[in-house]
Amino acid sequence: MSALTAVLRRDLRLAWRTPGDSVNVVLFFVLSTVLFPFGVGPAAEILARISVGVIWVMALLAALLSLDRLFRQDADDGSLDLLALSPAPLEFLVLGKVLAHWLITGLPLIIASPLLALFLQMPREAYPTLLLALLIGTPTLSLIGAIGVSLTLGARRGGVLVALLVLPLYIPVLIFGVGAVEAASAGLEARPHLLLLGGLLALFLPLSPVATAAALRQALH
Amino acid sequence: MHRYANPAQFQRLARAIFPWTTGLAVICLAAGLWFALFASPPDYQQGETVRIMYIHVPSAWMAMFTYTAVAVASAVLLVWKHPLAELAARAMAPVGACFTALCLISGSLWGEPMWGTWWVWDARLTSVLILFFLYLGQIALFNAFDDPTRGGRAAAILALVGVVNVPIIKFSVDWWNTLHQPASVVRLGGPSIDPSMLLPLLLMAFGFTFYFVSVTLIRIRSEILARRLRALQFAQGAAEPAGARRASA
């Protein structure tokens with residue numbers, strides 16, 4: 001456990017020194033979402049209809065773009081080899097890194113989402129559910145992304161390949177996340193969708209560190 | 001099992017069983033197609049269009065079966081480090097992708113006259129589409145590394161992560177309200193399909209399976225030879241003096 005917090009504190013401290021990472025992710029999220037009113041016209045009914053889907057898909061893509069920083073720096077300067085050689089279980093170290101990654105990139109997305117919901121004319125009743133669904137969904141996105149980015153460490157054109165591997169696994173999160181917020185904006189129960197989102201988080205919370213650690217070990221041979 | 005880790009042993013086994021599986025594939029497919037196209041009755045509701053089922057359902061079964069086989073080969077690779085397991089997974093993945101594509105296309109062709117739409121985003125079709133993307137990701141991962149063993153191990157981990165999709169596909173028609181019809185063959189209480197249709201369906205399924213085995217055997221043998229070629233190229237590159245080595249070697 002102390003290994004997890006040690007890695008967590010280290011990554012957070014490193015990110016604190018280069019705040020550009022968080023800012024870039026949020027800026028991409030905001031800018032790409034704001035393109036939609038220009039694309040489909042400013043009519044409120046159309047924007048409100050597509051708001052939930054657009055915010056979720058853009059959050060997905062922003063999370064995808066942010067994945068590279070999860071292992072890239074450590075792989076380049078050799079810290080990843082040191083982490084893999086340490087006596088602490090690699091799974092816990094991975095969990096610490098993924099948690100740090102979510103705090104650095106996922107949490108800013110959640111904080112930015114009400115502003116974007118305002119831009120896209122989302123119904124007011126859906127705001128709390130949007131925040132809650134993103135709160136449950138974005139850690140899952142970080143966990144799934146960790147699997148993808150660890151599998152492609154050292155591959156040619158790894159960036160595009162990560163998208164190809166990770167997006168099919170993102171689709172269930174997208175389906176239930178959008179389902180929850182759409183239900184809330186229609187005045188229906190969002191709880192079943194949120195519970196299924198939580199189920200996905202519960203599935204990937206143990207699965208991702210195990211798969212990622214296995215992938216890292218075979219990548220660092 | 002480890003006896004067949006020796007490529008020569010495997011080649012002997014493959015050469016022995018290949019004619020049988022190919023012959024059985026031809027016989028089953030011929031008999032299945034005869035029954036499917038001529039000797040079985042049209043559906044009371046769908047008429048003659050039901051005959052697409054004899055292609056669509058076996059390819060769907062093969063798509064799921066192949067992914068499970070790839071996952072098993074991946075587990076064998078990661079746990080026992082059996083060298084042929086990597087070649088088997090590499091050989092089976094594109095075949096499975098083709099079966100999935102066949103399933104999606106034949107289903108689409110069936111859906112247009114029956115449901116009035118080429119595509120619908122219900123749980124069964126969506127999860128099979130995800131299966132297709134998982135196959136494509138696997139194939140991409142296999143080919144993304146210069147060292148083939150790296151690619152094999154990475155793809156093995158991806159296969160094991162994605163195998164959770166296979167039971168989701170199977171039970172999607174039970175867990176969700178889908179336009180796709182519920183299970184009528186592999187279900188509690190036995191098949192609900194008429195025996196005159198079940199026979200050609202099973203014949204086609206066996207034909208597809210024997211075809212899959214034959215094609216996988218061909219592909220594994222090709223992979224073994226490709227590895228041998230690669231090893232020879234490396235040995236030749238190392239044997240040349242350093243000054244005489246050219247970029248094209």
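The following questions and answers concern a predicted model with chains A and B.

Reader: Which orientation do α2(A) and α3(A) adopt towards each other, roughly parallel or roughly antiparallel?

Author: Helix α2 (residues 20–40) of chain A packs on helix α3 (residues 44–66) of chain A at an angle of about 150 degrees, with the axes 9 Å apart. Angles over 145 degrees count as roughly antiparallel. The two helices α2(A) and α3(A) are therefore roughly antiparallel.

Reader: What is the handedness of that crossing of α2(A) and α3(A), and how do the residues of the contact divide by class?

Author: The crossing of α2(A) and α3(A) is right-handed. Residues that make the contact include Phe28(A), Phe29(A) and Phe36(A) of α2(A), and Ile50(A), Val54(A) and Met58(A) of α3(A). By class, the residues of this contact of α2(A) with α3(A) are 15 nonpolar, three polar and no charged.

Reader: What is the handedness of the crossing of α7(A) and α9(A), and which classes of residue make up the contact?

Author: The crossing of α7(A) and α9(A) is left-handed. In the contact of α7(A) with α9(A) there are 19 nonpolar, six polar and no charged residues.

Reader: What is the orientation of α6(A) relative to α9(A), and how many charged residues does their contact hold?

Author: Helices α6(A) and α9(A) pack at about 110 degrees, with their axes 8 Å apart, which makes them roughly perpendicular. Among the residues of this contact are Glu91(A) of α6(A) and Arg217(A) of α9(A). The contact of α6(A) with α9(A) divides into eight nonpolar and two polar residues, and the number of charged residues is two.

Reader: Is Glu91(A) buried or partly exposed, and which residues does it contact beyond its neighbours within four places in sequence?

Author: Glu91(A) has its place in helix α6 (residues 90–119) of chain A. A residue needs 20 or more other C-beta atoms within 10 Å to be buried; Glu91(A) has 18 and is therefore partly exposed. Leaving aside neighbours within four places in sequence, Glu91(A) is in contact with Pro209(A), Val210(A) and Ala213(A).

Reader: Which elements of chain A give two or more residues to the side that touches chain B?

Author: The contact takes 16 residues from chain A and 14 residues from chain B. On the side of chain A, twelve residues are nonpolar, three polar and one charged. The elements of chain A that give two or more residues are α7 (127–151), α8 (158–185) and α9 (191–219).

Reader: What span should helix α5 (residues 148–162) of chain B have, and how many of its residues are buried?

Author: At 1.5 Å a residue, the 15 residues of α5(B) should span 21 Å, and the end C-alpha atoms are 21 Å apart, which agrees. The buried residues include Arg153(B), Ile157(B) and Leu160(B). Of the 15 residues of α5(B), the number buried is twelve.

Reader: Where does Lys81(B) lie, and is Lys81(B) buried or exposed?

Author: Lys81(B) lies in the loop between α2 (53–80) and α3 (83–115) of chain B. Lys81(B) has a positive phi of about 55 degrees although it is not a glycine. With 11 C-beta neighbours inside 10 Å, Lys81(B) counts as exposed.

Notes. Residues are numbered from 1 along each chain as its sequence is written. Chains are lettered from A and ligands numbered from 1 in the order in which they are written. This is a predicted model: local features need pLDDT of at least 70, side-chain atom pairs count only at pLDDT 80 or more; totals for chains, interfaces and linings use all residues. Two residues are in contact if their C-beta atoms, placed from the backbone, lie within 7 Å. Helices (H or I, at least four residues) and strands (E, at least two) are DSSP runs, numbered from the N terminus. Ala, Val, Leu, Ile, Met, Phe, Trp, Tyr, Cys and Pro count as nonpolar, Asp, Glu, Lys and Arg as charged, and the others, Gly among them, as polar. Axes are lines fitted to C-alpha atoms, for helices over the stretch in contact, and angles run from 0 to 180 degrees between N-to-C directions. Angles under 35 degrees count as roughly parallel, over 145 as roughly antiparallel, 65 to 115 as roughly perpendicular and the rest as oblique. A crossing is left-handed if the near helix is turned anticlockwise from the far one by less than a right angle, and right-handed if clockwise. The expected span of a helix is 1.5 Å times one less than its number of residues.
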